[in-house]
Amino acid sequence: MSKNAHLEKITAFKEMTAKVRHTARGSRVVPQTIQVPLTIPKSAARSKAQVRAGSSTLPTAEAPSLSQTPVDDGYNDITADDHPLRARRSKSQHDYQREYLEVRDEYLERSFARETLPPDGIASCGHPALWRCRTCHAEPTFCSSCCRDTHVSHPLHRVEFWEGTFYRAAWLRQAGVEIYCGHGGKACPPRTLSTGTASPSFPDPVADPSQPDRDADPIVSAPDDDDLPEETVWIDEDLSDCDDEDADFLAASADGEDAEDIAVRVADLPWIGEPSAQEPAEHHSVFGATRSIVVVDTSGVHELPFTFCNCSLSPPRDDLQLLELGYYPASKNRPRTVFTTRVLDDFLLTNQECHASARNYYNKLRRITNNALPHMVPDRYRELLRVSRQWRVQKMRKWAGFAHRSVPIGPGDLAVKCPACPHPGINLPDDWQQDPEKWKYARAVVLDGNFSARHRPMKHPEDDVPLADGHAFTVTQAPYKQHLATGKEFKEELTCQDHRAVLTAAVNRGKYESTGIGAAACSRHGFFQPHACVDFQQGERQINMDYIVHWILAYLNGLTIMILLYDIMCQYFTHFHQRFKNSPFLSIPHSVRFLRGIGQFHVHGHLPRCYPRFSLNFITGAGVQDGEIIETLWNKLNGIADSARGMGTAHRHEMIDDIMNDSNWAKLTRIVPAMIQKWKRVCKELPLATHAYDSLTAAADPQDISTWTSDAARADITRDEDIEAMDIYDVHGKPLPTQKEIQMDLMDDEMRELDTSSGGAASWLSTGLKLEQRKMAIAYSARRLRTSAGESERLGLLVQRQKLTKAIAEFQKAARTHLRAQNLADGICLPRILPTSEPSGTI
């Protein structure tokens with residue numbers, strides 16, 4: 001069929017639309033298919049006529065004219081081609097589940113078929129397919145030799161061995177896989193010994209038909225580290241999930257030598273005709289020693305033999321050779337447990353996003369290894385605690401650029417800083433100090449406390465080992481404790497509302513080393529400020545927050561304007577300068593100007609005078625910013641609060657640093673679209689605000705405008721020294737009088753007139769207002785009364801109507817006295833609540 005013939009046969013096509021369907025459970029939008037008639041434009045008809053006539057030339061286009069009316073060329077009309085149009089319909093989740101029900105049994109059969117040998121029982125190499133890898137693509141099968149050769153570069157794959165009727169979990173070491181250190185994962189090259197004889201070669205764990213089969217269970221796991229002699233370990237909190245006070249479980253001997261190496265016998269696999277593997281012979285000392293090491297990976301827990309290198313060009317220690325292969329050792333001397341870098345990265349990311357503790361994460365790894373008997377998997381929970389601390393700090397040092405520098409790390413150097421806040425020498429022009437508009441270079445910071453991040457005291461705090469004391473967000477502990485010991489706390493008198501932060505500042509919150517934390521964040525972009533997180537000892541005391549402000553001022557780097565936001569700024573700043581003056585650990589840079597403020601949410605909970613003094617609306621250069629943004633940042637920290645409660649002090653601070661750093665990093669990756677969105681909002685709202693301001697300016701008196709402008713400028717200059725100067729913005733508006741106040745005024749007027757004949761008019765008017773309210777209430781009850789209402793409900797409504805009718809009659813009778821100037825004989829009628837002719841079944 002030709003294209004034109006097919007086009008002529010199409011008269012309509014299906015189109016998807018939507019309609020609202022009302023059901024007993026509510027209304028919902030449902031898709032609907034409709035038939036749309038096809039209209040062929042004239043241009044298309046001309047094209048068909050030209051085709052029939054055999055014309056091969058295009059129609060001549062006429063020159064467009066501005067005076068002519070545009071001709072409908074059929075561009076927007078519906079056209080058709082050779083392919084029939086098919087309506088698109090989006091499927092819901094229920095539709096996909098119905099499709100699954102049709103193939104459920106087939107899927108189960110296919111999945112179950114993969115649990116057995118291939119149909120011929122032969123692997124691709126031509127040998128019996130007794131091994132299967134669950135990690136390789138398509139889960140291929142191998143013989144023993146091919147399995148070993150394939151997984152030399154993939155020693156952490158999960159493999160299974162065919163036991164006759166099913167596959168059982170196995171170790172790659174049982175197939176002869178061995179990890180070599182010192183040469184990029186390859187064995188040491190052949191060397192000549194000093195005696196002139198050739199170096200012993202590594203045995204090839206291949207078939208040895210002469211070796212008899214063994215009757216014992218061929219899968220023999222290496223002894224756990226917990227089976228070795230342990231040192232006595234004190235744990236701060238027995239119930240803690242994240243206690244990191246562990247020790248080296250490989251105890252040294254009395255003479256200072258390492259503990260005796262426990263030889264691990266790698267079992268053979270003599271099943272189903274598979275030849276047994278020859279045990280590795282004793283290696284010469286020139287090639288190092290082979291020992292079994294527990295490897296913790298995202299795929300589970302493995303036990304593999306590691307052969308270390310003693311070549312002159314290789315690292316001298318075993319732990320360094322492991323690091324070259326990407327395995328992080330759990331100890332320095334003769335490590336028996338290593339962690340892959342990917343499992344450490346995965347644990348840190350899981351802790352940041354899912355708030356999973358180390359205990360929960362390692363339990364997951366044990367179940368991945370053996371879901372039936374997870375308690376049989378070697379327990380390396382304490383090693384994970386110890387190693388994850390080290391790995392967390394190492395990554396922060398690398399990200400901050402200290403991997404290639406030997407300079408000491410200063411306070412807050414490892415923190416991810418806000419790229420949008422003004423930083424002299426980084427994102428400001430060289431001549432920014434000559435700019436007359438100083439408000440553009442103001443640093444805006446908000447303070448707040450969090451009492452969910454509490455911490456129990458350690459039994460032996462002198463044994464705590466900090467790895468990053470004050471390098472990121474939490475402050476250095478020694479000078480902070482000295483500041484708390486020498487600082488003076490002023491007893492504040494309440495001059496505002498009874499704020500909880502003020503009332504509970506000195507409240508003891510139980511036997512906790514830390515009752516919470518205080519921190520600071522930039523109020524424009526929500527980045528935690530570096531070296532500005534402190535521990536609370538009681539409540540949210542001013543002496544704690546002073547130390548945060550001190551370090552915020554230390555990072556101004558020449559900026560002279562500081563917008564400081566705090567929920568209780570009206571109380572906090574009363575003795576601010578005096579507290580800084582009395583403490584040797586606090587200082588304020590010269591010529592720094594403070595613009596104090598309270599977030600828009602909290603400022604309305606203060607006294608009315610606090611609004612003009614501390615609202616962001618009256619701070620020049622503040623603009624529109626989120627003064628409560630730090631409240632949204634506590635969510636991530638609250639997720640790890642329970643697991644960090646029983647940690648060591650240093651470990652807890654390092655975890656807080658990591659969570660805050662991750663929060664800043666997440667905002668850093670999204671700051672460009674966030675700034676673009678804010679810019680679009682400004683472009684949309686600025687013209688409206690400018691128009692409103694110009695309209696108000698045009699309607700006001702020019703002399704008043706000049707006076708207001710000068711008063712506002714004077715208040716803005718002196719607000720740092722005298723916050724009461726901002727009271728010029730306090731609008732003393734008198735609220736509207738209440739109904740009772742109006743009635744009292746009218747009654748006073750009647751008493752002054754001494755007109756007894758007209759007395760009581762105010763009370764009469766008040767009675768009329770109350771009757772109107774009763775009328776509206778009864779009408780509302782009548783509308784809500786259902787047709788199926790009982791007799792008691794109907795009777796109650798009738799009683800209310802009867803009382804209201806009687807009260808209205810009394811009110812109208814009194815009206816003839818107060819409105820005697822009018823003829824009320826026929827002017828007042830009894831108002832009805834409901835129509836006279838009421839439908840049946842209604843009241």
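Okay, let's start with a strand pair: β3, residues 131-133, is joined to β5, residues 159-162, by 3 bridges, and the two run antiparallel. Bear in mind that this is a predicted model.

Now, cysteines. How many disulfides turn up in the whole structure? The search finds 0. Take Cys-146: the closest cysteine sulfur belongs to Cys-125, and at 3.4 Å that's too far for a bond, since the cut-off for a disulfide is 2.5 Å. For anyone thinking about the surface, Cys-146 is partly exposed, at 24% relative accessible area, while Cys-354 is exposed, at 56%.

Last stop, the largest pocket. Its volume is about 1,700 Å³, and 39 residues line it. Nearest the centre are Gly-621, Ala-622, Gly-623, Val-624 and Leu-686. The elements giving two or more residues to that lining are β12 (442-450), α19 (671-699) and α20 (702-718). Which of them gives the most? That's α19, with 15 residues. And what's the lining like by class? You're looking at 23 nonpolar, 8 polar and 8 charged residues.

That's my tour; over to you.

Notes:
Residues numbered from 1 in each chain as written. Predicted model: local features only at pLDDT ≥ 70, side-chain atom pairs only at ≥ 80, totals over all residues. Heavy atoms only, no water. Buried < 20%, exposed > 50% of the residue type's maximum accessible area, 1.4 Å probe, protein only. 1 Å grid on protein atoms, 1.4 Å probe; cavity = no way out; pocket = protein on both sides within 12 Å on 5 of 7 lines; lining within 4 Å. Points joined across faces, edges and corners; volume = space filled by probe spheres on them. Helix = DSSP H or I, 4+ residues; strand = E, 2+ residues; numbered from the N terminus. Nonpolar A, V, L, I, M, F, W, Y, C, P; charged D, E, K, R; others polar. Pairing = 2+ DSSP bridges.
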